Structure formats: structure tokens, C-alpha cells
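Here is a friendly walk through one protein chain, written for someone who likes to know the cut-offs behind each term. Please keep the viewer open as you read.

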Amino acid sequence: MNFWPGFYALQSAWYLLLLVPLLIFYFLKLKRPHQRVPSLALWSQVINDRRVNSPFQKFKRSILLLLQILLLLFLVLALMQPYVQSGAERAEYLPILIDCSASMAATDSQSGKTRLDLAKERVSELIDNMLPDQRLSLVAVSSTARRLTAFTDNQRVLKKALTDLTVDDVPSQLEDALRMTQALSRTAPIKSVLFYSDGNFPREVDFELPFDLNFQLLPAAGANIGITSFNARKNQAGNWDVFIRIENSRQADSPAEVELLQDGTSIAREEVILGSGDSQRLEFSVAADKESRLEAVLNPGSHDSLAADNHAFLTIPQSRSLLIYIDPELASYRYALADNQEFLLYPQENSSTSPPEFDLVIGSTEKDLTKPGLVKLGIGFIPEELKKLISLESNLTDVVDWNRSSSLLRHVELADVQISQQPVWVENANVEDLEAMGYEVLIHGRLGPLLLQKRTAGELEFYFLFNTDRSTMPYRVGFPIMVSNLIQLTLQEAGISEAQAAATPVLPPLALQPESQYEIATPKGHELRAESDENGRVSGIAALHTGQYTISGAGADNTKISVSLLNPLETSLVAVEEIQFSEVPVTATQTQIDSDKPLWGEFAFIAFLLLLGEWWYFQKRPVGTIS
């Protein structure tokens, strides 16, 4: 830091010329008339004034003149706007990025301040030390970037935006904020950018820096333990297996107690002790034959930096039977699913009624797959839109390869399956043509695909392009495994066998009435609006805070969704000390940046004190005078 002050308005030094008329006024003081008196013993003050009015004694012991000269000097210095030079390069247009992700709410055990509070203090100091030619712009960094202010020198506007800034319970996306800053650089000459954060974000950022980035790393918070996963799965006995994952940050070992509540009643407790950076999965068994609300509560046994990840909520859906339609000609599938009381198979004997919508449709014609259903499986035909790409021939073939990671083919062995029908590519057709139409090949034959998958709005479709009953597949061990996988997929799509706690930053998709308007009340009291598509699906609703969201509108009946889980990275409180960009890394610093400190306020205050001193000295009653 350079202690020799600089002056922003040096041209104001011309006001020092006001000293000339001030001195002239003292030379031209009015002369008093002569008056004869018996004695001068009581008129010493008059004699002194006369001595002052003599040319060579003009300024002797004239405190009033001295005070006025000093008052003028300090007022002129204040007008010159002096400042203490920091020695650092001063940016006229400075964007300040402030991390507002969930981890910025973490506190330390000593001060109890959050990381966001520390960032606000440092930014507030920069605002206080702004010089007249400086402009600041504040940008909040969370799951998206939000510009809080345009470039301005209005300290009141900047302070209000900084005060209103709060934490969002989401991870931070630094790349979005940098792209917004890059857009701002088209309207203002931006040479450097300040970024205040606790470093809790991915180390690698896919962005080419067109400016200098000053990464101000805030001091680390204390230890934290939190819930990072909360889900349930229905078992074969009809009960629910509930799984809770607890993770601990790397700061210190943390003891805690986990309590599970069902509809407000405590049903289980378990104590855990996690080492630095450890995690543990807890399992509970819950009986529920109807819709039930579960709550997981984490009670830390020591200082816990982050409170937002200590509660999690989960709703177990109403249990019901799967509604399955199977073409009567597909005897192997009916046999595989018969005698299971959790399934209702259609069409039923001696009954022509059927539900308006099925969970699973297995058909041997394209007409069967026009029935409404969540999951559909076509057997032994080629969809009409694919006949220009694939033809079906009556030749023997076998399986060349298959997607072993597919949910339908998990643990299914197809190497020895013999097939009497052979799908064949037409001339110039290939896999890319199928992918362009939204299909994925799950099983490859010698001359063409054997099994396709397609995801449409609200439906999951599979197509065996050959008749599985005309192959050795139904006689293999893999066939009942495949059918079981199909049932598990259907249960997941129907949402009646698995449940998972909702997490930020997006609400789970909602199935409501088609093309309708809905209002969503957030935990912070804000109102969001959304519109369902032609299938009644509402998705992509931002959930920036944990808590309860209420959906109102046609058919919504004030549906309530509790969002409780944070991104596991936020719970870990891991801080990176270097950001790797496309070309160069940026290393963090924990030293507060030096800024030029303006001094005009101090000089103006001294001038005010001199004015008060002058008033007090010359307005007080002289000693010995008559009232």
C-alpha cells in the first residue's frame, strides 16, 4: 500500500485561491473611532485589537484567522477527493460474482457467521471504498446466474441488493455466471472480475476467460453431517425397505442420531459415528398398505455447519395391483405372469370389460399397442414407420450382441438363443436412421436389429422384431428374468414400487390435466406459473429451496411436494483451491484485496470540527465582561 495519498479531483486545488480574499478582508477591517477615556486599564482588549490592526502586527495572535485558514484548507482538500493508494490496479467497471449456493449457508463454531455473511462484509467494504469513477455490478451465482444490479456507483442501490441476497439450496454453476459476465463485457470495458466463494463447486470449468478472474476463497466452515439420499423400495413380502444415506464432511469426526418418523410418529432410531469424509447407509423396514409420509431427522451430536440437510421427506404411494394387457396368442407371457395376485391380467375370461388405461401392454400387432399404457412391448412385427428401414424374413438367425446395461436385459443371457425369423436391413439403412427416429437398438442380429426401445412422452416402448415364441428364448432361464425385469420397469414407471425423496433444484415431473395452467407456491412465498403439455405433463419447475411446494389448478387439488435433499457436494463442504479453465488455471487467494480508500469524508469531518471550534471560541462570554 502507498501511504502517499492520491487525488481524484486535483483541479479543485484552485479553490485555495480563496485564501487571498480571506487575507484581504483582515487587512480591510473597519477602524474604530477615537474616544477619550479616564483610564486604559480596563481597555486592554481594545489596545490589543489596535495592535493587530497595525501593518506589522496584523496577524499576531489572531486565532480566528488561523481557524478560518485551516477550515478553508480542509474543505479544499475534501473537494480534491484524496484517497490512500493501495498500489493495486483499479478497475473502473468491476463485476462482483457472489456464490449463493447451499454450502454458503455453512457456519463456523466461533463466530456463527455464514460464508455468505463473510462475503457480504468484504463486498460491503469495497462498496464503501468506491471512488467517483468506479462502477460495480453484483451478480448472484447459484444454479443459474442473476444480475442483481447494473454497473452503478450508487452505494445505496448496491448495499440494498447486497442486503437482500440470500442462499439458494442448490449447487453453484460458475460457468453460467462467467458467460453472463462475458455478455456484460460487450457493454462496458471489463478487465477483471471478482468472485467470492467457499470453493464448493467442480474444479474444471469449460470456459475461456476473456478477462482476469480474482478468486477470493472464503475461510472454511466447521464440520457438517447430512442426509444425502432417502428412498424406499417395496419387497416381496409387501413391506417397504427404506434406505437413508448419511455423509460427513472432511473437517472432523461427527456423531449423530437418525430418527425415522411415519405420519408424524417415531418408528425407529439409530446412532451413527462417521469419520472424516465417511458415509453410511442405513436400512429400515416399514409396513404401509396405504399412502404414508416418512420423515428422516438427523440430530448431530456436535457443531453442525449446515442445517438444510438434516431433514428429508418421502411419500410412500398407495399400494395397488398392476393392470396388464397380454394378447391371448402370446401364451408364454401369460404363463410367466399367471397366478400372481399382484397382477390383473386382461382380457379376462368370461368378461369383456377392461380399464381405460393399462400399466403394461404386451401385444402381437401394432393395433394392440394403441391401447393406453405406461410400458408397451410389441412382439413379432415391425412398426409401420420402420418398414422402410427393416424387413422380416423367414430365415434362421441368432444374437450377435446385446446391451447388457439395459434395464430390460439385466442379467439376461442371450448367446445361445436360436431364432426362426430374421429382421434384415433394407438397402442403405443403418442404426443412425433408427436413432434419428428416436429408437435405440438393444439386441443386434446378424443382418439387422432384433429388439428396439423408444421413449415417447409418458410411455416406454419395446419392440421384438421377431416372434419370441418362434425361438428358443421361452425355454431359456433368461426369459423369466427378462419378464421380471419388464415388471420392475412397469412398477417404476407407475410409481408404486419405488419412492424417492425430491431434491433441488427441480421439482419431479407431475401428471396433471393436458394443456392447463397451474400455480406453484414456493416455501419462500413466491408464486410460479407453469403449463402442462398435451399429455398433461408438467416438468422443469425450479425448486431453489428446501421445503413444501403447493400446486394449485385444474385437477391439482393443492398437491403438496416436499423438497428436502441437497446435492451431495453441498453437504461435503469440499473446497477447491484452483479452478481449471480451458486454457489456464486460476488459483484462489484468502487475502482480502487491497482497495483505494477515499479520505474526503475524514477531511470534511475535520473541517466541521474546526467550524464548531470557531463558533465555541468566539461565541463564549469573555471573562470579566458585564452581562
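Where does P347 lie? P347 is found in the loop between strand 16 (343–346) and strand 17 (358–363). The peptide bond leading from Y346 to P347 is cis, with omega near 0 degrees.

**Ground rules**

This is a predicted model, in which local features need pLDDT of at least 70 and side-chain atom pairs count only at pLDDT 80 or more, while totals for chains, interfaces and linings use all residues. Residues are numbered from 1 along each chain as its sequence is written, and side-chain values use heavy atoms, with hydrogens and water left out.

**The chain as a whole**

The chain comprises eleven helices and 36 strands; both are DSSP runs numbered from the N terminus, helices being H or I with at least four residues and strands E with at least two. Of its 627 residues, 44% are buried, where buried means under 20% relative accessible area, exposed over 50%, and partly exposed in between (1.4 Å probe, protein chains only). Among contacts (heavy atoms within 4.5 Å) with a separation of 6 or more, 67% are between residues 24 or more positions apart.

Confidence is given as pLDDT, the predictor's own score for each residue from 0 to 100. The mean pLDDT of the chain is 85, and 87% of the residues reach 70 or more. Over residues 623–627, however, the pLDDT is below 50, and this stretch has zero contacts in the model beyond near neighbours in sequence. Where pLDDT is low, the predicted coordinates should not be read in detail.

**Salt bridges**

How many salt bridges does the structure hold? There are 19 of them, each defined as a side-chain nitrogen of Lys or Arg within 4 Å of a carboxyl oxygen of Asp or Glu.

| Pair | N to O distance |
|---|---|
| K113 and E121 | 2.6 Å |
| R146 and D168 | 3.8 Å |
| R233 and E498 | 3.4 Å |

D168 is buried, with a relative accessible area of 4%, whereas R146 counts as partly exposed at 35%.

R233 and E498, at 3.4 Å, join parts of the chain 265 residues apart, with R233 in strand 8 (residues 225–234) and E498 in strand 26 (residues 498–500). R233 has 37% relative accessible area and E498 has 31%. Elsewhere, E257, E259 and R269 are linked in a network of salt bridges.

**Around I496**

I496 occupies the loop between helix 9 (478–494) and strand 26. Is this residue, I496, buried or exposed? I496 is buried, because its relative accessible area is 7%. Leaving aside residues up to four places away in sequence, I496 touches K234, W240, P317, Q318, R320, L322 and L491. Of these, Q318 is 178 residues from I496 in sequence, yet their C-alpha atoms are 7.0 Å apart.

**Backbone details**

A cis peptide bond also joins T504 and P505, with omega about 10 degrees; P505 lies in the loop between strand 27 (502–503) and strand 28 (510–511). In the loop between strand 28 and strand 29, E515 has a positive phi of about 50 degrees although it is not a glycine. E515 is exposed, with 58% relative accessible area.

Strand 29 (residues 517–521) and strand 30 (residues 527–531) run antiparallel and are joined by five bridges; strands count as paired if DSSP finds at least two bridges between them. Q517 has E531 as its bridge partner in strand 30. The two strands form a hairpin with five residues between them, and G525 in the turn has a positive phi of about 90 degrees.
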